[in-house]
Amino acid sequence: MTTHKRRGFTLVELLIVIAIIGLLSTLAVTGVTVVRSKARDAKRTADTAQIQKAVSLYATGQSRYPIAAAVTCLTGTDAVSAELVAKDVMRIVPGDPMAKSTLPAAAGGGAHCYAYQSAAGTTYVMQYYQERASDRGPAGATITVGP
């Protein structure tokens with residue numbers, strides 16, 4: 001009677017291990033994507049709150065909000081951003097954390113930045129894109145804030 005010592009793994013065992021690793025890596029990538037989109041939305045909410053405070057400080061000193069007759073994308077180099085920095089109510093005007101090319105087409109024109117408009121300086125409207133659903137609105141919505 002001869003006994004053979006079996007060495008190594010069978011093909012079935014290797015395929016099962018590969019399938020489990022694939023499933024775990026898929027779950028990990030999906031989880032990271034969700035966390036990143038939530039972080040970008042949190043940054044957008046914090047950025048717009050910071051910009052709103054700066055615009056209110058500006059209005060306190062100038063007796064009006066910064067004027068932008070057309071919708072202006074706050075990029076840090078636009079006229080409204082330059083005015084906020086010049087009046088020393090903000091050092092750096094933050095920009096949207098997501099690149100324009102990666103946003104869905106349905107997001108709309110103001111989705112790629114913090115859009116600002118104030119025709120007469122008596123009031124203003126700001127809009128920004130939201131990736132995930134929250135108490136502020138559904139996923140993919142353009143959120144509007146003002147004074």
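**Close-up 1. The two sides of helix α2 in this predicted model.** On one side of α2, Ala79 and Ala86 are exposed, whereas the buried residues of this helix are Val80, Ser81 and Leu84. Because these buried residues fall within an arc of 100° when seen down the axis of α2, they line one face of the helix. Among the elements that cover the buried residues of α2 are the helix α1 and the strands β1 and β2.

**Close-up 2. Leucine 84 and the residues around it.** Leucine 84, one of the buried residues of α2, touches Ala54, Val55, Tyr58, Pro66, Val89, Met90 and Val93, when residues up to four places away in sequence are not counted. Leu84 is also among the residues with the most contacts inside the largest nonpolar core, and so is Val55.

**Close-up 3. The largest nonpolar core.** This core has 21 residues, and those with the most contacts inside it are Ile51, Val55, Leu74, Leu84, Tyr116 and Met126. Two or more residues are given to the core by each of the helices α1 (11-62) and α2 (79-86), and likewise by each of the strands β1 (68-74), β2 (114-118), β3 (125-129) and β4 (142-145). The largest share, 5 residues, comes from α1. As general background, nonpolar side chains in soluble globular proteins tend to be buried together.

**Close-up 4. A nonpolar patch on the surface.** Val12, Ile16, Ile20, Leu23, Leu24 and Leu27 form this patch, and together they have about 610 Å² of accessible area. Leucine 27, one of these residues, lies in helix α1. With a relative accessible area of 53%, leucine 27 counts as exposed, because the cut-off for that class is over 50%.

**Close-up 5. Serine 63, a residue with a positive phi.** Serine 63 is placed in the loop between α1 and β1, and its phi is near 65°, a positive value in a residue other than glycine. Most residues other than glycine have a negative phi. The relative accessibility of serine 63 is 70%, so this residue counts as exposed.

**Close-up 6. Aspartate 88, in the loop between α2 and β2.** Although aspartate 88 is not a glycine, it has a positive phi of about 60°. Aspartate 88 has a relative accessibility of 64% and therefore counts as exposed.

Notes. Residues are numbered from 1 along each chain as its sequence is written. This is a predicted model: local features need pLDDT of at least 70, side-chain atom pairs count only at pLDDT 80 or more; totals for chains, interfaces and linings use all residues. Side-chain values use heavy atoms; hydrogens and water are left out. A nonpolar core is a set of buried Ala, Val, Leu, Ile, Met, Phe, Trp, Tyr and Cys residues joined through side-chain atoms within 4.5 Å. Buried means under 20% relative accessible area, exposed over 50%, partly exposed in between (1.4 Å probe, protein chains only). Helices (H or I, at least four residues) and strands (E, at least two) are DSSP runs, numbered from the N terminus. Contact means heavy atoms within 4.5 Å. Patches are made of residues with over 30% relative accessible area and no salt bridge: like charges are joined within 9 Å, nonpolar side chains (Val, Leu, Ile, Met, Phe, Trp, Tyr) within 5 Å. Accessible areas come from the Shrake-Rupley method with a 1.4 Å probe; for residues, only the protein chains shown count as cover. A salt bridge is a side-chain nitrogen of Lys or Arg within 4 Å of a carboxyl oxygen of Asp or Glu. The arc is that of the directions from the helix axis to the C-beta atoms.
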